[in-house]
Amino acid sequence: MSAPRGPRPGPRGWVGRGRGPAGYVQAADEWRGTTVQVCGLWPFAAGTGSPMVGVPIGRNMVSGSTLCCDPVSWFQRGNLISQPSMFVLGRPGLGKSTIVRRMALGLAGYGVQPMVLGDLRPDYVDLIEALGGQVLRLGPGRGSLNVLDSSEAKAAADRLTGGARGALLADAHEVRATMVSSLITILRKAPPTDREESILDRALAVLDERHVGTPVLADLLQVIRDAPADVRQVAIDHGSDDRYRQLTEGLEATLAGMTHGGRFGGIFTQQTTAPMRRDRPVVFDVSSIDDGQMDLQAAALLASWSTGFGAINVSNRLADAGLEPRRHYFVVLDELWRALRAGRGLVDRVDTLTRLNRKWGVGQAMISHTMSDLLALPSPEDRMKARGLVERSGMVVCGGLPAAEMEMLRSAVSVSRAEEEMLTSWTDPPAWDPDGGHESAPPGRGKFLVKVGGRPGIPVQVKLTSVEATMNDTNKLWHTISRTGKVSDLPPVDEVLDAVEAAEGVS
């Protein structure tokens with residue numbers, strides 16, 4: 001016969017006078033480990049909800065587990081998204097470029113080539129240089145990019161035969177025609193007419209037949225001025241020289257403005273300073289173009305995009321023929337809103353690129369500040385297409401956003417009320433540090449919400465390694481304390497050079 005049971009404490013301890021139940025039940029300690037390490041602890045082990053496929057990004061802010069995330073791995077290896085694209089939104093200074101750099105660095109370790117098509121600050125130059133990549137600088141007096149240069153495509157076509165050769169040449173022709181039309185759109189703030197696009201298309205074909213070497217925009221302008229029969233046929237001048245001059249006058253004036261400098265400063269009218277390589281990481285550094293030169297910035301971004309995707313097409317064609325290894329690229333399109341606002345119809349160019357990323361075997365990251373930037377386009381059609389860029393992205397990564405953005409964000413991405421409150425809280429201003437005498441880091445810096453379709457978002461905190469911190473330093477010019485004094489008080493340049501040489505000799 002069992003002994004009688006005595007009184008037992010409740011779930012929070014002994015209740016009553018002089019006893020005192022616990023008002024707070026301490027949570028059990030949690031430990032993290034691999035399935036190999038904790039398999040003997042069953043059933044006290046549970047898996048986390050964060051995916052472990054791709055580049056390690058940071059800690060899940062809810063569970064503390066590691067989140068691995070990038071559009072290429074989630075599409076190719078994890079089958080977690082429908083296409084390898086990502087849209088990043090967030091206010092300036094909260095780390096949008098930082099999380100993209102982390103993905104680019106990790107993907108480089110997986111064999112995916114980072115390709116930054118237009119770096120305006122620059123944010124990616126140090127990373128690409130550390131990876132042994134190629135830095136292509138564009139800007140007045142720094143470097144030029146010939147938008148009619150198809151030498152790489154022609155060299156690759158010489159290695160192909162049959163339909164593959166013809167297809168590659170046709171693609172190269174289309175890329176050049178599209179780029180010239182885009183430059184015209186930026187200068188005019190409106191796209192060229194259908195007749196003008198036909199004239200440009202036929203003039204490019206005539207230029208390829210007649211010109212020896214690599215042509216420039218001045219050569220294209222001369223073909224239009226020469227009025228060959230093929231060009232006059234699509235111009236429909238009915239055999240009248242006067243009518244032909246009238247039909248091509250506007251196009252001739254725009255091209256003349258490009259070739260003689262103008263707002264573009266001759267960057268796109270000279271031979272390419274350095275050809276782009278397909279077998280290493282690359283970044284187009286356009287940071288020398290001032291923010292006041294909006295048209296030139298947009299043109300430089302579009303020219304970088306055109307050159308980059310043209311190189312990807314060449315790489316894929318050669319890989320299909322077994323002439324080069326198959327390469328995958330991670331394409332970064334930063335400051336997207338600048339290019340979209342440059343002229344009506346330019347969103348169509350970006351829209352086409354985003355629809356071909358699966359076909360071309362590239363992962364893609366598009367970066368902008370807010371939905372307002374995308375929806376501020378003058379044309380309703382362009383605004384709809386700009387919102388579609390976000391809707392079609394395989395994943396949307398949101399940093400801190402103001403409350404006014406939530407309604408526009410909900411029109412493209414499903415977000416809950418709790419997620420909205422989280423995003424707006426990340427925009428709070430930084431606190432003042434009385435000990436250090438300066439502001440602390442903003443509360444939302446490095447914090448992001450990863451959204452995939454209608455699934456709950458994954459909040460993550462990105463932490464930089466010491467190596468990444470040196471490459472991500474945007475305040476290098478402020479590390480040395482400023483020195484004051486009159487210019488006349490400074491020593492002569494020769495004395496300064498002698499002192500430097502002496503110091504180097506001592507060291």
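In what follows, a residue is called buried under 20% relative accessible area, exposed over 50%, and partly exposed in between, with a 1.4 Å probe and protein chains only. By that rule Ile236, at 42% relative accessibility, is partly exposed.

Good morning, colleagues. The structure before you is a predicted model, in which local features need pLDDT of at least 70, side-chain atom pairs count only at pLDDT 80 or more, and totals for chains, interfaces and linings use all residues. Residues are numbered from 1 along each chain as its sequence is written, and side-chain values use heavy atoms, with hydrogens and water left out.

I shall stay with Ile236 for a moment. Its phi is near 55°, a positive value in a residue other than glycine. Most residues other than glycine have a negative phi, and most peptide bonds are trans. Ile236 sits in the loop between helix 9 (229-235) and helix 10 (241-259); helices here are DSSP runs of H or I with at least four residues, strands are runs of E with at least two, and both are numbered from the N terminus.

Asn79 also has a positive phi near 55° and is not a glycine. Asn79 belongs to the loop between helix 2 and strand 3, and with a relative accessible area of 63% it is exposed. In the loop between helix 2 (71-76) and strand 3 (85-89) we also find Pro84, which is buried at 4% relative accessibility. The C-alpha atoms of Pro84 and Gly394 are 6.0 Å apart, although 310 residues separate the two along the chain.

Pro122 is part of the loop between strand 4 (113-119) and helix 4 (125-130).

Helix 3 (residues 96-109) has 14 residues and spans 21 Å from first C-alpha to last, close to the 20 Å expected at 1.5 Å a residue; the expected span is 1.5 Å times one less than the number of residues. How many residues of helix 3 are buried? The count is 10 of 14, and the helix is mostly covered. Among these buried residues are Lys96, Arg101 and Arg102, together with Ile99, Val100 and Leu107. Just after helix 3, Gly111 takes a positive phi of about 95°.

Helix 16 (residues 380-391) has 12 residues and reaches 17 Å, close to its expected 16 Å. Its buried residues include Asp382, Ala386 and Val390. An α-helix has 3.6 residues a turn, so residues three or four places apart point the same way.

Next, the salt bridges. The term requires a side-chain nitrogen of Lys or Arg within 4 Å of a carboxyl oxygen of Asp or Glu. By this rule there are 26 salt bridges.

Asp208 and Lys154 form one of them, at 4.0 Å from N to O. This pair links distant parts of the chain, with Asp208 in helix 7 and Lys154 in helix 5 (residues 151-157), 54 residues apart. Asp208 is partly exposed at 29%, and Lys154 is partly exposed at 32%.

A second pair is Glu324 and Arg159, whose closest N and O atoms are 3.8 Å apart. Why does this pair tie together parts that are 165 residues apart in sequence? Glu324 lies in the loop between helix 11 (294-320) and strand 7 (329-333), and Arg159 in the loop between helix 5 and helix 6 (162-188), so the bridge spans that separation. Through shared partners, salt bridges join Glu152, Arg159, Arg278, Glu324 and Arg327 into one network.

Asp237 is buried, with a relative accessible area of 5%.

Finally, the surface charge. Glu174, Asp194, Glu197 and Asp201 gather in a patch of negative charge on the surface. Patches consist of residues with over 30% relative accessible area and no salt bridge, like charges being joined within 9 Å and nonpolar side chains (Val, Leu, Ile, Met, Phe, Trp, Tyr) within 5 Å. Which helix gives the most to the negative patch? Helix 7 (residues 194-210) does, with 3 residues. Asp201 is placed in helix 7, and its relative accessible area of 32% makes it partly exposed.

Terms used. Areas by Shrake-Rupley, 256 points an atom, 1.4 Å probe, with all protein chains shown as cover. Lys, Arg positive; Asp, Glu negative; His and termini not counted. Charge placed at Lys NZ, Arg CZ, Asp CG, Glu CD.
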